[in-house]
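Trainee: Could you take me closely through one part of this model, a helix and the partners it packs against? I would like to see how that part sits within the chain as a whole.

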Amino acid sequence: MTALLQPLVNLGTWAWGLLGALVVGLCGQDFAPYVLYAIWILILIVCIVVPLMLCMAYLTLLERKVIGWMQVRHGPNRVGYGWLQPIADGLKLLVKEIIVPAGASKFLFVLAPIMAMMPALAAWAVVPFGPEMVLSNIDAGLLYIMAITSMGVYGVIVAGWASNSKYAFLGALRSAAQIVSYEIAMGFALVGVLMASQSLNLVEIVNSQAGKYGALNWFFIPLFPFFLVYLIAGVAETNRAPFDVAEGESEIVAGFHVEYSGMMFSVFFLAEYINMILVATLCSIMFLGGWLSPFPDSWPFLGVGGFHWLFAKVFFVLILFIWFRATFPRYRYDQIMRLGWKVFIPVTIVWIVVLGAWMQTPLWVWWK
(Lines give C-alpha, C1' and ligand atoms only; values in the text may rest on other atoms or scores of the structure.)
Protein backbone atom coordinates (compact mmCIF):
# COMPACT_ATOMS: atom_id res chain seq x y z
CA MET A 1 0.00 0.00 0.00
CA THR A 2 2.88 2.37 0.83
CA ALA A 3 4.48 1.67 -2.55
CA LEU A 4 1.20 2.48 -4.32
CA LEU A 5 0.79 5.77 -2.47
CA GLN A 6 4.39 6.90 -2.88
CA PRO A 7 3.86 8.48 -6.35
CA LEU A 8 0.96 10.51 -4.94
CA VAL A 9 3.08 11.60 -1.98
CA ASN A 10 5.89 12.66 -4.33
CA LEU A 11 3.43 14.59 -6.51
CA GLY A 12 1.94 16.33 -3.49
CA THR A 13 5.38 17.27 -2.16
CA TRP A 14 6.39 18.70 -5.54
CA ALA A 15 3.12 20.68 -5.84
CA TRP A 16 3.46 22.08 -2.31
CA GLY A 17 7.05 23.14 -3.00
CA LEU A 18 5.95 24.89 -6.20
CA LEU A 19 3.12 26.62 -4.34
CA GLY A 20 5.54 27.70 -1.60
CA ALA A 21 7.92 29.25 -4.13
CA LEU A 22 5.00 31.07 -5.78
CA VAL A 23 3.74 32.45 -2.44
CA VAL A 24 7.22 33.61 -1.45
CA GLY A 25 7.53 35.41 -4.78
CA LEU A 26 4.14 37.13 -4.38
CA CYS A 27 4.04 37.87 -0.64
CA GLY A 28 7.69 38.04 0.34
CA GLN A 29 9.67 36.01 2.84
CA ASP A 30 8.07 37.55 5.94
CA PHE A 31 4.40 36.87 5.13
CA ALA A 32 4.81 33.62 3.19
CA PRO A 33 4.61 31.27 6.26
CA TYR A 34 1.30 32.80 7.35
CA VAL A 35 -0.18 32.58 3.85
CA LEU A 36 0.99 28.98 3.44
CA TYR A 37 -0.48 28.07 6.82
CA ALA A 38 -3.85 29.56 5.82
CA ILE A 39 -3.74 27.68 2.50
CA TRP A 40 -2.91 24.43 4.33
CA ILE A 41 -5.85 24.89 6.70
CA LEU A 42 -8.18 25.52 3.73
CA ILE A 43 -6.91 22.34 2.06
CA LEU A 44 -7.61 20.36 5.23
CA ILE A 45 -11.11 21.87 5.47
CA VAL A 46 -11.83 20.84 1.88
CA CYS A 47 -10.53 17.33 2.65
CA ILE A 48 -13.11 17.10 5.47
CA VAL A 49 -16.09 18.85 3.87
CA VAL A 50 -16.04 17.17 0.44
CA PRO A 51 -16.07 13.54 1.75
CA LEU A 52 -18.63 14.61 4.35
CA MET A 53 -20.96 15.93 1.66
CA LEU A 54 -20.56 12.72 -0.34
CA CYS A 55 -21.29 10.62 2.75
CA MET A 56 -24.35 12.76 3.48
CA ALA A 57 -25.66 12.33 -0.06
CA TYR A 58 -25.28 8.57 -0.08
CA LEU A 59 -26.60 8.28 3.46
CA THR A 60 -29.97 9.35 2.01
CA LEU A 61 -29.69 6.47 -0.49
CA LEU A 62 -28.68 4.03 2.25
CA GLU A 63 -31.63 5.12 4.38
CA ARG A 64 -34.17 4.64 1.60
CA LYS A 65 -32.70 1.26 0.66
CA VAL A 66 -32.51 -0.05 4.23
CA ILE A 67 -36.04 1.12 5.05
CA GLY A 68 -37.20 -0.50 1.81
CA TRP A 69 -35.60 -3.82 2.81
CA MET A 70 -37.09 -3.61 6.32
CA GLN A 71 -40.58 -2.83 5.05
CA VAL A 72 -40.40 -5.29 2.12
CA ARG A 73 -40.61 -2.75 -0.68
CA HIS A 74 -38.28 -1.29 -3.29
CA GLY A 75 -35.96 1.58 -2.63
CA PRO A 76 -34.62 3.84 -5.42
CA ASN A 77 -33.77 1.62 -8.41
CA ARG A 78 -34.46 3.70 -11.53
CA VAL A 79 -31.73 6.35 -11.69
CA GLY A 80 -28.47 4.47 -12.32
CA TYR A 81 -29.92 1.46 -10.44
CA GLY A 82 -30.22 3.80 -7.46
CA TRP A 83 -26.56 4.85 -7.27
CA LEU A 84 -27.22 8.13 -9.08
CA GLN A 85 -30.38 8.94 -7.09
CA PRO A 86 -28.64 11.37 -4.64
CA ILE A 87 -27.17 13.27 -7.60
CA ALA A 88 -30.59 13.39 -9.30
CA ASP A 89 -32.17 14.67 -6.08
CA GLY A 90 -29.52 17.38 -5.79
CA LEU A 91 -30.01 18.51 -9.38
CA LYS A 92 -33.79 18.57 -8.89
CA LEU A 93 -33.47 20.81 -5.82
CA LEU A 94 -30.92 22.99 -7.59
CA VAL A 95 -33.26 23.90 -10.45
CA LYS A 96 -36.43 24.32 -8.37
CA GLU A 97 -37.66 27.84 -7.75
CA ILE A 98 -36.97 29.44 -4.38
CA ILE A 99 -40.12 31.20 -3.18
CA VAL A 100 -39.93 33.71 -0.34
CA PRO A 101 -43.36 34.43 1.22
CA ALA A 102 -44.52 38.03 0.78
CA GLY A 103 -44.95 38.57 4.52
CA ALA A 104 -41.66 36.93 5.54
CA SER A 105 -38.61 38.72 6.91
CA LYS A 106 -36.46 38.16 3.83
CA PHE A 107 -33.07 38.64 5.49
CA LEU A 108 -33.80 36.24 8.37
CA PHE A 109 -35.59 33.85 6.00
CA VAL A 110 -32.36 33.47 4.00
CA LEU A 111 -30.13 33.54 7.09
CA ALA A 112 -31.91 30.70 8.95
CA PRO A 113 -30.64 27.81 6.75
CA ILE A 114 -27.11 29.17 7.08
CA MET A 115 -27.49 29.33 10.87
CA ALA A 116 -28.59 25.68 10.86
CA MET A 117 -25.78 24.54 8.55
CA MET A 118 -22.77 26.35 10.00
CA PRO A 119 -22.72 24.70 13.47
CA ALA A 120 -23.14 21.29 11.82
CA LEU A 121 -19.97 21.90 9.77
CA ALA A 122 -17.98 23.85 12.38
CA ALA A 123 -18.18 21.01 14.91
CA TRP A 124 -16.01 18.82 12.64
CA ALA A 125 -12.99 21.06 13.28
CA VAL A 126 -12.10 19.12 16.44
CA VAL A 127 -13.35 15.63 15.49
CA PRO A 128 -10.39 13.21 15.26
CA PHE A 129 -10.42 10.52 12.55
CA GLY A 130 -7.18 8.99 13.82
CA PRO A 131 -4.34 9.69 16.29
CA GLU A 132 -2.92 12.36 13.97
CA MET A 133 -5.94 12.94 11.70
CA VAL A 134 -7.61 15.99 13.23
CA LEU A 135 -7.91 19.55 12.01
CA SER A 136 -7.55 21.18 15.44
CA ASN A 137 -6.48 19.01 18.36
CA ILE A 138 -7.53 21.42 21.13
CA ASP A 139 -7.61 20.47 24.80
CA ALA A 140 -11.20 21.66 25.25
CA GLY A 141 -12.56 19.75 22.24
CA LEU A 142 -15.49 18.25 24.14
CA LEU A 143 -16.48 21.67 25.49
CA TYR A 144 -16.23 23.11 21.97
CA ILE A 145 -18.53 20.38 20.61
CA MET A 146 -21.14 21.07 23.30
CA ALA A 147 -21.00 24.82 22.67
CA ILE A 148 -21.09 24.80 18.87
CA THR A 149 -23.78 22.13 18.45
CA SER A 150 -26.13 23.95 20.83
CA MET A 151 -26.19 26.88 18.39
CA GLY A 152 -28.08 24.86 15.77
CA VAL A 153 -31.36 25.56 17.55
CA TYR A 154 -31.13 29.23 16.52
CA GLY A 155 -31.52 28.29 12.86
CA VAL A 156 -34.71 26.41 13.71
CA ILE A 157 -36.19 29.27 15.73
CA VAL A 158 -35.29 31.95 13.19
CA ALA A 159 -36.68 29.85 10.31
CA GLY A 160 -40.04 29.44 12.05
CA TRP A 161 -40.31 33.08 13.06
CA ALA A 162 -39.11 34.61 9.77
CA SER A 163 -41.59 32.58 7.70
CA ASN A 164 -44.52 34.56 9.16
CA SER A 165 -46.58 31.35 9.32
CA LYS A 166 -48.32 29.93 12.36
CA TYR A 167 -47.55 26.37 11.22
CA ALA A 168 -43.83 27.13 10.86
CA PHE A 169 -43.70 29.05 14.15
CA LEU A 170 -45.45 26.26 16.06
CA GLY A 171 -43.05 23.70 14.59
CA ALA A 172 -40.06 25.88 15.52
CA LEU A 173 -41.22 26.24 19.12
CA ARG A 174 -41.83 22.51 19.50
CA SER A 175 -38.50 21.65 17.92
CA ALA A 176 -36.60 24.20 20.02
CA ALA A 177 -38.17 22.93 23.25
CA GLN A 178 -37.26 19.36 22.32
CA ILE A 179 -33.67 20.22 21.37
CA VAL A 180 -33.04 22.26 24.52
CA SER A 181 -34.47 19.58 26.84
CA TYR A 182 -32.48 16.74 25.30
CA GLU A 183 -29.28 18.81 25.19
CA ILE A 184 -29.30 18.82 28.99
CA ALA A 185 -29.34 15.01 29.08
CA MET A 186 -26.62 14.86 26.44
CA GLY A 187 -24.51 17.28 28.47
CA PHE A 188 -24.80 15.12 31.59
CA ALA A 189 -23.85 12.06 29.51
CA LEU A 190 -20.71 13.87 28.35
CA VAL A 191 -19.89 14.71 31.98
CA GLY A 192 -19.62 10.95 32.54
CA VAL A 193 -17.17 10.66 29.65
CA LEU A 194 -15.14 13.52 31.11
CA MET A 195 -15.03 11.80 34.50
CA ALA A 196 -13.96 8.46 33.04
CA SER A 197 -11.28 9.84 30.72
CA GLN A 198 -10.09 12.75 32.89
CA SER A 199 -9.79 14.86 29.73
CA LEU A 200 -11.75 17.18 27.44
CA ASN A 201 -9.49 16.35 24.49
CA LEU A 202 -11.21 13.97 22.07
CA VAL A 203 -7.94 12.27 21.07
CA GLU A 204 -7.15 11.64 24.73
CA ILE A 205 -10.67 10.30 25.30
CA VAL A 206 -10.05 7.67 22.61
CA ASN A 207 -6.54 6.89 23.91
CA SER A 208 -7.93 6.39 27.42
CA GLN A 209 -10.04 3.52 26.02
CA ALA A 210 -6.98 1.70 24.64
CA GLY A 211 -5.87 -1.51 26.33
CA LYS A 212 -4.89 -5.09 25.81
CA TYR A 213 -8.49 -6.35 26.11
CA GLY A 214 -9.86 -4.56 23.05
CA ALA A 215 -13.57 -3.74 23.28
CA LEU A 216 -13.66 -4.56 27.00
CA ASN A 217 -11.65 -1.39 27.61
CA TRP A 218 -14.20 0.87 25.90
CA PHE A 219 -16.38 3.24 27.89
CA PHE A 220 -19.70 1.81 26.74
CA ILE A 221 -19.38 -0.83 29.50
CA PRO A 222 -19.04 1.38 32.62
CA LEU A 223 -20.99 4.23 30.98
CA PHE A 224 -23.74 2.13 29.43
CA PRO A 225 -26.62 4.31 30.76
CA PHE A 226 -24.83 7.37 29.37
CA PHE A 227 -24.32 5.57 26.06
CA LEU A 228 -28.04 4.85 25.72
CA VAL A 229 -29.04 8.35 26.80
CA TYR A 230 -26.58 9.97 24.38
CA LEU A 231 -27.71 7.77 21.49
CA ILE A 232 -31.43 8.37 22.04
CA ALA A 233 -30.94 12.06 22.80
CA GLY A 234 -28.91 12.30 19.58
CA VAL A 235 -31.93 11.00 17.67
CA ALA A 236 -34.08 13.67 19.31
CA GLU A 237 -31.46 16.38 18.74
CA THR A 238 -31.46 15.74 15.00
CA ASN A 239 -35.29 15.75 14.82
CA ARG A 240 -35.33 12.18 13.58
CA ALA A 241 -38.21 9.73 13.95
CA PRO A 242 -39.65 8.79 16.38
CA PHE A 243 -38.84 12.25 17.79
CA ASP A 244 -39.66 14.27 14.66
CA VAL A 245 -42.46 16.28 16.26
CA ALA A 246 -41.33 19.37 14.35
CA GLU A 247 -42.34 17.61 11.14
CA GLY A 248 -45.49 15.82 12.28
CA GLU A 249 -47.33 15.86 8.96
CA SER A 250 -50.69 15.05 10.54
CA GLU A 251 -50.32 17.94 13.00
CA ILE A 252 -48.28 20.86 11.64
CA VAL A 253 -47.65 20.04 7.95
CA ALA A 254 -43.82 20.12 7.81
CA GLY A 255 -42.69 22.10 10.80
CA PHE A 256 -40.34 25.05 10.82
CA HIS A 257 -39.28 24.69 7.16
CA VAL A 258 -42.77 24.38 5.67
CA GLU A 259 -42.34 27.65 3.72
CA TYR A 260 -38.92 26.72 2.29
CA SER A 261 -38.31 25.30 -1.18
CA GLY A 262 -35.47 24.44 -3.55
CA MET A 263 -31.90 24.73 -2.32
CA MET A 264 -32.92 26.65 0.81
CA PHE A 265 -34.94 23.64 1.93
CA SER A 266 -32.07 21.31 0.99
CA VAL A 267 -29.72 23.19 3.35
CA PHE A 268 -31.93 22.17 6.30
CA PHE A 269 -31.91 18.67 4.84
CA LEU A 270 -28.10 18.73 4.62
CA ALA A 271 -27.78 19.99 8.20
CA GLU A 272 -29.99 17.17 9.54
CA TYR A 273 -27.97 14.43 7.87
CA ILE A 274 -24.60 15.99 8.71
CA ASN A 275 -25.73 16.19 12.34
CA MET A 276 -26.68 12.51 12.14
CA ILE A 277 -23.15 11.63 10.99
CA LEU A 278 -21.69 13.91 13.68
CA VAL A 279 -23.68 12.28 16.49
CA ALA A 280 -22.74 8.81 15.22
CA THR A 281 -19.06 9.81 15.06
CA LEU A 282 -19.05 11.34 18.55
CA CYS A 283 -20.87 8.30 19.91
CA SER A 284 -18.18 6.08 18.38
CA ILE A 285 -15.35 8.24 19.71
CA MET A 286 -16.61 8.64 23.27
CA PHE A 287 -18.14 5.23 23.95
CA LEU A 288 -16.96 2.76 21.27
CA GLY A 289 -13.22 3.38 21.18
CA GLY A 290 -13.04 5.58 18.09
CA TRP A 291 -10.41 4.23 15.71
CA LEU A 292 -9.33 1.50 18.16
CA SER A 293 -9.78 -2.14 17.21
CA PRO A 294 -12.36 -4.20 19.13
CA PHE A 295 -9.89 -7.09 19.22
CA PRO A 296 -6.98 -7.45 21.69
CA ASP A 297 -3.65 -5.86 20.78
CA SER A 298 -1.99 -9.26 20.57
CA TRP A 299 -4.10 -10.29 17.57
CA PRO A 300 -2.26 -9.85 14.23
CA PHE A 301 -3.92 -7.50 11.72
CA LEU A 302 -7.30 -7.47 13.52
CA GLY A 303 -5.78 -5.92 16.64
CA VAL A 304 -4.44 -2.91 14.73
CA GLY A 305 -6.54 0.24 14.99
CA GLY A 306 -7.21 2.67 12.17
CA PHE A 307 -9.76 4.86 10.40
CA HIS A 308 -11.54 1.78 9.03
CA TRP A 309 -12.67 0.82 12.54
CA LEU A 310 -14.08 4.31 13.15
CA PHE A 311 -15.91 4.15 9.81
CA ALA A 312 -17.40 0.75 10.71
CA LYS A 313 -18.63 2.01 14.09
CA VAL A 314 -20.16 5.16 12.57
CA PHE A 315 -21.88 3.00 9.95
CA PHE A 316 -23.31 0.78 12.71
CA VAL A 317 -24.72 3.74 14.66
CA LEU A 318 -26.23 5.23 11.48
CA ILE A 319 -27.94 1.91 10.78
CA LEU A 320 -29.49 2.21 14.25
CA PHE A 321 -30.79 5.68 13.33
CA ILE A 322 -32.41 4.26 10.20
CA TRP A 323 -33.74 1.24 12.08
CA PHE A 324 -35.44 3.50 14.64
CA ARG A 325 -37.14 5.45 11.87
CA ALA A 326 -38.36 2.32 10.11
CA THR A 327 -39.87 0.64 13.18
CA PHE A 328 -40.97 3.05 15.92
CA PRO A 329 -44.14 5.14 15.69
CA ARG A 330 -43.89 8.86 16.42
CA TYR A 331 -44.17 9.83 20.09
CA ARG A 332 -46.70 12.34 21.26
CA TYR A 333 -45.19 15.68 22.20
CA ASP A 334 -45.97 15.28 25.90
CA GLN A 335 -44.38 11.81 25.89
CA ILE A 336 -41.19 13.21 24.37
CA MET A 337 -40.89 15.99 26.94
CA ARG A 338 -41.68 13.58 29.78
CA LEU A 339 -38.96 11.19 28.59
CA GLY A 340 -36.37 13.97 28.46
CA TRP A 341 -37.13 15.74 31.72
CA LYS A 342 -38.43 12.94 33.95
CA VAL A 343 -36.38 9.94 32.77
CA PHE A 344 -33.13 10.86 31.02
CA ILE A 345 -32.04 13.76 33.24
CA PRO A 346 -32.65 11.90 36.55
CA VAL A 347 -30.96 8.75 35.19
CA THR A 348 -27.84 10.66 34.12
CA ILE A 349 -27.59 12.55 37.42
CA VAL A 350 -27.92 9.33 39.44
CA TRP A 351 -25.33 7.54 37.30
CA ILE A 352 -22.88 10.43 37.68
CA VAL A 353 -23.06 9.89 41.45
CA VAL A 354 -22.69 6.11 41.03
CA LEU A 355 -19.77 6.60 38.64
CA GLY A 356 -18.01 8.98 41.01
CA ALA A 357 -18.30 6.47 43.88
CA TRP A 358 -17.28 3.57 41.59
CA MET A 359 -14.12 5.38 40.48
CA GLN A 360 -12.95 5.60 44.09
CA THR A 361 -12.94 1.82 44.51
CA PRO A 362 -10.52 -0.89 43.30
CA LEU A 363 -13.36 -2.18 41.08
CA TRP A 364 -12.76 0.70 38.63
CA VAL A 365 -10.38 -0.86 36.10
CA TRP A 366 -10.73 1.53 33.16
CA TRP A 367 -7.68 3.65 33.92
CA LYS A 368 -5.16 3.59 31.13
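Mentor: Helices (H or I, at least four residues) and strands (E, at least two) are DSSP runs, numbered from the N terminus. By that reading the protein chain has 12 helices and zero strands. This is a predicted model, in which local features need pLDDT of at least 70 and side-chain atom pairs count only at pLDDT 80 or more, while totals for chains, interfaces and linings use all residues. Residues are numbered from 1 along each chain as its sequence is written, and side-chain values use heavy atoms, with hydrogens and water left out.

Let us look closely at helix H10, which covers residues 262-287. Its axis and that of helix H2 (residues 85-95) come within 6 Å and cross at roughly 135°, where axes are lines fitted to C-alpha atoms, for helices over the stretch in contact, and angles run from 0 to 180 degrees between N-to-C directions. H2 and H10 are therefore oblique to each other, since angles under 35 degrees count as roughly parallel, over 145 as roughly antiparallel, 65 to 115 as roughly perpendicular and the rest as oblique. On the H2 side Gly90, Leu93 and Leu94 meet Gly262, Met263, Phe265 and Ser266 of H10, contact meaning heavy atoms within 4.5 Å. The residues of this contact divide into four nonpolar, three polar and no charged; Ala, Val, Leu, Ile, Met, Phe, Trp, Tyr, Cys and Pro count as nonpolar, Asp, Glu, Lys and Arg as charged, and the others, Gly among them, as polar.

Helix H8 (residues 224-237) also packs with H10, at an angle of about 170° and with the axes 10 Å apart, which makes H8 roughly antiparallel to H10. Here Phe226, Phe227, Tyr230, Leu231 and Gly234 of H8 meet Val279, Leu282, Cys283, Met286 and Phe287 of H10, and the residues of the contact are nine nonpolar, one polar and no charged.

In the loop between H10 and helix H11 (307-327) lies Pro294. At 25% relative accessibility, Pro294 counts as partly exposed, a class that lies between buried (under 20% relative accessible area) and exposed (over 50%), with a 1.4 Å probe and protein chains only. Leaving aside neighbours within four places in sequence, Pro294 is in contact with Gly214, Ala215, Trp218 and Trp309, whereas its C-alpha atom is separated by 45 Å from that of Ala168, 126 residues apart along the chain.

For the chain as a whole, 46% of the 368 residues count as buried, and the C-alpha trace spans about 65 × 55 × 45 Å along its principal axes.
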